[in-house]
Amino acid sequence: MAIKDYIRERFFPHMWCPGCGHGIVLNGMLRAIEVLGLNKNDIVMVSGIGCSSRISGYVDFHTLHTIHGRALAFATGVKMSRPELNLIVPMGDGDALAIGGNHFIHAARRNIDLTAIVMNNRIYGMTGGQYSPLSGYGVSATTAPYSNIDQSFDIVELARAAGATFVARTTTYHVQELSNLIQQAIVHKGFSVVEVMSQCPTYFGRKNKEGGPADMLKRMKDMTTPIGSKAKQSHTELIERGIFVQKILPEYCSEYAGIIERAMKGH
Amino acid sequence: MGKSKLIKHIINRDWCKGCGICVEFCPQNVLELDEQDKVRTTRPESCIGCKLCELRCPDLAIEIHIKE
Ligand SMILES: Cc1ncc(C[n+]2csc(CCOP(=O)(O)OP(=O)(O)O)c2C)c(N)n1
Ligand code: SF4
Ligand code: SF4
Ligand code: SF4
């Protein structure tokens with residue numbers, strides 16, 4: 001199927017600003033699904049609230065546009081009742097890790113078979129550029145006009161520590177890698193997290209004088225490196241991309257099916 | 001003689017928002033923005049069909065069709 005067959009064309013052009021990274025995540029995700037050849041009826045996309053969360057409106061799968069921070073909770077409910085479906089949960093960094101932080105760590109701890117995609121633009125785009133737990137020290141935001149004093153989470157380390165069994169990171173510059181990692185995350189049985197470093201030219205870019213969308217993409221190319229590269233040894237500040245965790249552990253819905261079986265036997 | 005490829009650029013002007021991403025990262029300088037800030041091809045004959053423009057477009061506004 002062509003990727004156009006996976007979208008709701010009637011809602012295009014989409015609402016995202018020119019050059020917004022969220023559109024590149026949509027693009028890469030559609031290609032991943034196309035390569036996997038998934039049936040539209042076997043995919044459920046659940047999102048919360050934010051510019052990023054609007055993604056669910058544009059895809060022609062089963063979609064739920066829920067409430068801020070709670071996408072993983074809704075997705076857990078869907079997956080528990082229909083474990084045979086593929087659940088994809090795209091979230092903004094605020095959505096996933098500020099208001100939704102608790103849902104995030106517990107979904108990871110349970111190792112429930114969901115694919116969480118964190119569209120990390122390091123800011124609250126939808127509400128006007130407030131800092132998020134991913135903005136990082138020294139960044140400018142509407143709510144940090146004299147610069148941010150909060151340290152940021154490292155999504156990869158957080159997801160790993162919480163128990164996610166597939167953890168990867170890429171950027172909107174590295175589009176082939178983006179599509180490839182989302183593919184592997186969907187196929188993985190267990191809780192998968194893909195952090196996609198993304199650009200919000202309208203708020204993050206403007207507040208931090210990072211130039212236009214193309215300049216922001218170039219920065220992402222310059223500030224990252226593949227896991228274990230030589231460059232990382234001499235430039236320790238580089239952020240690594242690739243697959244950090246990929247292991248098989250008991251998956252929550254399968255375990256639950258086992259509980260049902262035991263209960264039916266009466267012991 | 002090299003293989004000749006027929007490459008077609010399909011641009012959806014209604015969806016293109018003129019962000020300039022495809023223009024900036026095209027390895028062959030094939031694309032530019034017109035006076036209405038919509039993408040157009042200026043040197044289509046130099047296109048190598050790498051599809052990076054299509055893959056990076058946030059608006060799904062450019063497609064590359066290749067006929068061998
Ligand atoms: C319970 C609740 N609290 C706050 C809000 C307001 N709100 C809407 S989107 C958002 C944050 C958006 O940032 P992010 O999740 O990073 O996504 P982005 O818009 O950057 O893609 C906030 C705080 C809300 N809608 N619901
Ligand atoms: S405000 Fe930022 S995150 Fe929201 S659509 Fe615009 S560029 Fe994208
Ligand atoms: S990347 Fe897409 S939206 Fe941006 S200028 Fe090119 S075709 Fe237009
Ligand atoms: S396919 Fe490659 S060479 Fe051709 S216009 Fe697109 S980016 Fe440029």
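Student: Which element of chain A gives the most to the shell around ligand 2?

Tutor: A residue belongs to such a shell if one of its heavy atoms lies within 4 Å of the molecule. Here helix α8 (residues 201-207) of chain A gives the most, with three residues; helices (H or I, at least four residues) and strands (E, at least two) are DSSP runs, numbered from the N terminus. This is a predicted model, in which local features need pLDDT of at least 70 and side-chain atom pairs count only at pLDDT 80 or more, while totals for chains, interfaces and linings use all residues. Residues are numbered from 1 along each chain as its sequence is written, chains are lettered from A and ligands numbered from 1 in the order in which they are written, and side-chain values use heavy atoms, with hydrogens and water left out.

Student: Which residues are around ligand 2, and how many of its shell are nonpolar, polar or charged?

Tutor: Among them are Trp16(A), Cys17(A), Cys20(A), Cys51(A) and Cys200(A). The shell of ligand 2 has seven nonpolar, four polar and no charged residues (Ala, Val, Leu, Ile, Met, Phe, Trp, Tyr, Cys and Pro count as nonpolar, Asp, Glu, Lys and Arg as charged, and the others, Gly among them, as polar).

Student: What surrounds ligand 4 in chain B?

Tutor: Its surroundings include Cys26(B), Cys47(B), Cys50(B), Cys53(B) and Lys51(B). By class, the shell around ligand 4 has eight nonpolar, three polar and one charged residues. Around ligand 3 one finds, among others, Cys16(B), Cys19(B), Cys22(B), Cys57(B), Lys17(B) and Asp59(B); that shell has eight nonpolar, two polar and two charged residues.

Student: In what order do the eight strands of the open sheet in chain A stand?

Tutor: Strands of a sheet pair through backbone hydrogen bonds, either parallel or antiparallel. In chain A the order is β2-β1-β3-β4-β6-β5-β8-β7, with mixed pairing; two strands pair if DSSP finds at least two bridges between them.

Student: Why is one side of β2 (62-65) and of β7 (224-226) left without a neighbour in the sheet?

Tutor: Both strands of chain A stand at the edges, and each has a single partner strand, so one side of each lacks a neighbour in the sheet.

Student: In which sense do β3 and β4 of chain A pair?

Tutor: Strand β3 (residues 86-92) and strand β4 (residues 115-120) of chain A pair in the parallel sense, over five bridges. Within this pairing, Ile88(A) stands opposite Thr115(A) in β4(A).
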